[in-house]
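Here's a quick briefing to read with the structure open beside you. Take it one topic at a time and find each residue as you go.

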Amino acid sequence: MLINLGMTVSIQLAHFDSLPLDCGETLAPVTVAYETYGTLNSRHSNAILIEHAFSGDAHAAGISQETGKPGWWDNMIGPHKAFDTNRYFVVCSNVLAGCRGTTGPGSINPATGKPYGSSFPFVTVQDMARLQKKLIDHLGIERLLSVSGGSMGGMQVLHWAVEYPDAVVSAIPIASTYRHSAQQIAFNEVGRMAIMSDPDWKGGDYYDSEPPARGLSVARMVGHITYMSDDSMREKFGRRQRPKDELGNGFSVDFEVENYLRYRGGEFVNRFDANSYLYITKAMDNFDLTAGCGSLGAALARSKARFLVISFTSDWLYPSYQSQEIVRALRGYNRDVAYCELDSNYGHDAFLIEVGEQTELVKHFLANTYKKAA
Amino acid sequence: MTTTATPEKTFIRQLLGRTDYALISELVEPGSSVLDLGCGDGELLAWLAENKQVTARGVEISPARVQRSIAQGLSVYQGDIDAGLADYPDQCFDFVILSQTLQEARHPLRVLREMLRVGRRAIVAFPNFGHWTMRVSMLLTGRAPKTRLFPHEWHSSPNIHFLTIQDFEDLAAAEDFIVERRMYLRGDRRLRLLPNLLAEVAVYMVRKK
């Protein structure tokens, strides 16, 4: 048996005096939580920025010194993995408005000495990237060999490539989109309404009392359904039932799938802040790469990166057509783009789980990009 | 040392195991931009990128082959050549290559026109269904021809459009394509006489008037 002891990693914090936001307000000061893996080379040419998905955090790889848990993309980042930390310096930071170390609605507002809550300014995906840019500058990196991420991470990847064309050599958006469809907004709205309907939410100012755990847990249950596929749920649960000790209790947990969703929902409450859920999903829904550019092609034409776009066959939350729209727009400007739709039953979660073929694509794409850039 | 004069390059040394690749590779100018339709594992594109320093792009329908292409460092996207060129701007490639795929395309004429819209020159290699063994096979057996070159049963053949060298010449004339090069192969020999009867593979380079 091969035992991977993994690398132990620790969260780091960077503080900045202020961050101007798209809404016109300024956050001051602002903190960003991040982790790094591997070593930055002397020419600073091997840095890769990893963007986490909606509910992710800065702990992308290795074993956390704080929690003892592996990172959310530990199967992709590490020695000899897709993002090979023997060759590359990998950075991942928690997004703005998050709740895992970076300034968010649960952080203390220095003006009042209390958590921001509902007074936290409205943020955008662009604001998130602006904060990451500060971090990258702070780390002394001028050009990123690659920016990569799935889902909401992919949306940030696209924005990075367009907004900072000289800082992005290659971009790898996975299972992502340049803007949300009505269906994606709809699911997010159900999640938000579940939270806001919970009396414990109190308009967002609940930090001195019980958090809106019921609402947040229902929101997460809905989310989990959208991350799976009909096939993966059938395989994982089917109609398997829970062992029953009493009969006639009509609304108890009868099926394994119910049990799983309740478990996932309950677990989420312990690690995620309901207000972060609201702010971040709203930022995703409002994101539109074409804003101010007229068309997707015109937006992407500003980028100088080479692209690797990946989607998955069973992903119905971020369906392949959305990745193909990006690829087609890049082709329209004859940009350097590789695209592959990978076969998977795991639905949207595939980019986190089904990493065998994804690894091959990313590994070789990066190696070639690195060679060309050198 | 002198040898007896032989016609120029009668014997074609194979490139990557294929004689048509050898001819195609000679047509592609160094440093040019190339789009390969149905690029397979990307072997020809990778060779051209390495040895002719071309800017290489490819289209391939099979996800497994797209992965292998990308593994070679190529910018290949998964797509259908019948529909896949529509997004490209006009004349953005120096060469568009279609190797042994024309007979598999759903709309071959549309593909050819698109190739010459997005590229300055189209290089097309195709198997010649006019080869005498095909004619004899059909005549004698009364069945869809099966030969060494075309071993498929009629129902499982990837080939859905059967064209001969003469058919391609007729089409080029009708479409006003200018044929810049026409080369014929039998095995690993260049052929000049009676190509429609004797050639197994034809390689054409055409451009628009």
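Glu175(B) is partly exposed because its relative accessible area is 23%, and that label covers values between the cut-offs for buried (under 20% relative accessible area) and exposed (over 50%), using a 1.4 Å probe and protein chains only. Keep in mind that this is a predicted model: local features need pLDDT of at least 70, side-chain atom pairs count only at pLDDT 80 or more, and totals for chains, interfaces and linings use all residues. Residues are numbered from 1 along each chain as its sequence is written, chains are lettered from A and ligands numbered from 1 in the order in which they are written, and side-chain values use heavy atoms, leaving out hydrogens and water.

**Salt bridges in chain B**
- Glu175(B) pairs up with Arg113(B) in a salt bridge, with the closest N and O atoms 2.8 Å apart; the term means a side-chain nitrogen of Lys or Arg within 4 Å of a carboxyl oxygen of Asp or Glu.
- Glu175(B) sits in the loop between helix H6 (165–174) and strand E6 (177–186) of chain B, while Arg113(B) is in helix H4 (residues 108–118), so the pair ties together parts 62 residues apart in sequence.
- Helices (H or I, at least four residues) and strands (E, at least two) are DSSP runs, numbered from the N terminus.
- Arg113(B) is partly exposed too, at 43% relative accessible area.
- Asp41(B) and Arg68(B) make another salt bridge (3.1 Å, N to O).

**Salt bridges in chain A**
- Lys133(A) and Asp137(A) meet in a salt bridge (3.0 Å, N to O).
- Both belong to helix H1 (residues 125–138) of chain A and are four residues apart, about one turn of the helix.
- Lys133(A) is buried at 18% relative accessible area, whereas Asp137(A) is partly exposed at 43%.
- Over all chains, the whole structure has 33 salt bridges.

**A buried strand in chain A**
- Five of the five residues of strand E10 (residues 89–93) of chain A are buried, so the rest of the structure largely encloses this strand.
- Phe89(A), Val91(A) and Ser93(A) point one way from E10(A), and Val90(A) and Cys92(A) point the other way.
- Strand E5 (residues 30–37) of chain A runs antiparallel to E10(A), joined by four bridges; strands pair if DSSP finds at least two bridges between them.
- Strand E6 (residues 47–51) of chain A runs parallel to E10(A), also with four bridges.
- Cys92(A) is the bridge partner of Glu35(A), and Phe89(A) stands opposite Ala47(A).
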